Amino acid sequence: MKILNAVLGATALAALSLFSASANAQGYPERQITMVVPFSAGGPTDTVTRLVAESMSKDLGQQIIVENVGGAGGTLGAARVANAEPDGYTLLLHHIGMATSATLYRKLPYDTLNAFEYVGLVTEVPMTLLARKDMEATDLKGLIDYAKANQDKVTVANAGIGAASHLCGMLFMSAIETSLVTVPYKGTGPAMTDLLGGQVDIMCDQTTNTTKQIQAGTVKAYAVTSPERLDVLKDLPTVKEAGLPQMEVGIWHGIYAPKGTPKEAIDKLSKALQVALKDPNVAARFVELGTKPSPEADATPEALKAKLEGEIARWKPVIEAAGQYAD
Ligand code: MLT
């Protein structure tokens, strides 16, 4: 009888706490929200997050502050959110690395498909293959020849295993069948500083971090990973035109919340995301940065979940063939 009472008591408590989470969520949001960027400040994910968060906060009527938790290719920031209170006040804006790290890491501190609720897709950003300004190669063929001839000393910057820049660098190296020296950073914001200073030779990074530099001529650009040329970088050939179609890739971004976040909060966040993606200021900035907002129909939990599942399956064999893992 004592055991039965204890079980009934625990069940009642669980039901009560679910009820009170849901009741609390009805007035959501009642205070400031934190959106975690799993890379350094000043980089491409940070740029996208700050733009979208500012617009979402107008619809939600509460401030969204951005917290940069860089390191381990985005997995430290993802872990921070996976372990946060599931109350709608801690969110994660992450990209394709959420899918690739599920295979790249032998051990992750969270279960990618079961540790999060999904808010929606944000944008898909092309990447650009760059080198320091004084790199002698003037086209992609020249860069490949240079890399093959200097394989032991050519350095490739990335934001750690699991970053978009890591994936793109891996596609480059496997397409040219040459291993180069990789240099990891906590984000491509600081990596770009070193590329500009000539401390590293090559980087493949999102247009949200590179368009301004390419336009200003402070780096050498060889190709863009989208199927079509970009309006803002008309002279830059696509990887297909330049001879490496294997490098075609788009870096999609999504917003997540810890598993168990009440549905009422998720619904409000998805709606605020849809409003932000239609915000003319956000759309105009995205165009300047060589990208565009995701369609409204994709700024939903279902679309992000389907994308993540599909992308884990898509990249698993590619990563396994490259044989690159992290512990
Ligand atoms: C960043 O924000 O620093 C990037 O998204 C890093 C990357 O994934 O390459």
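Here are some questions and answers that walk through this predicted model.

Residues are numbered from 1 along each chain as its sequence is written. In this predicted model, local features need pLDDT of at least 70 and side-chain atom pairs count only at pLDDT 80 or more, while totals for chains, interfaces and linings use all residues, and side-chain values use heavy atoms, with hydrogens and water left out.

Q: Which residue ranges make up domain 1?
A: The bounds come from an automatic or database domain assignment. That assignment gives domain 2 as 126–247. Domain 1 is written in two pieces, 29–125 + 251–322.

Q: How many residues of domain 2 are in contact with domain 1?
A: Contact here means heavy atoms within 4.5 Å. The C-alpha centres of the two domains lie 24 Å apart. On the domain 1 side, 30 residues take part, and on the domain 2 side the count is 25 residues.

Q: What area do domain 1 and domain 2 bury between them?
A: The size of an interface is often given as the accessible area lost when the parts come together. Buried area is the accessible area (1.4 Å probe) that two parts lose on being put together, summed over both. Carbon and sulfur atoms carry 68% of it, and the value for domain 1 and domain 2 is about 2,000 Å².

Q: Which residues of domain 1 lose the most area to domain 2?
A: Together they account for 26% of what the domain 1 side buries. They are P44, V125 and L289.

Q: How far does helix α12 reach from its first C-alpha to its last?
A: Helices (H or I, at least four residues) and strands (E, at least two) are DSSP runs, numbered from the N terminus. Helix α12 covers residues 301–322, which is 22 residues.

Q: At which residue does α12 bend?
A: The bend at a residue is the angle between axes fitted to the seven residues ending there and the seven starting there. In α12 this angle is about 30 degrees, and a proline, P317, follows within four residues. The bend is at W315.

Q: How many residues apart are K271 and D59?
A: K271 forms a salt bridge with D59, and their closest N and O atoms are 3.3 Å apart. The pair links distant parts of the chain, with K271 in helix α10 and D59 in helix α2, and the separation is 212 residues.

Q: How many salt bridges are counted between domain 1 and domain 2?
A: The structure holds 16 salt bridges. Between domain 1 and domain 2, however, the count is zero.

Q: Which peptide bond is cis, with omega near -5 degrees?
A: Most residues other than glycine have a negative phi, and most peptide bonds are trans. P29 sits in the loop between α1 and β1. The cis bond runs from Y28 to P29.

Q: Is E177 buried or exposed?
A: E177 is in the loop between α6 and β6. Its phi is near 50 degrees, a positive value in a residue other than glycine. With a relative accessible area of 72%, E177 is exposed.

Q: Which residues does T182 contact, leaving aside neighbours within four places in sequence?
A: T182 lies in strand β6. At 41% relative accessibility, T182 counts as partly exposed. Its contacts beyond those neighbours are V156, N158 and M173.

Note on methods: The expected span of a helix is 1.5 Å times one less than its number of residues. A salt bridge is a side-chain nitrogen of Lys or Arg within 4 Å of a carboxyl oxygen of Asp or Glu. Buried means under 20% relative accessible area, exposed over 50%, partly exposed in between (1.4 Å probe, protein chains only).
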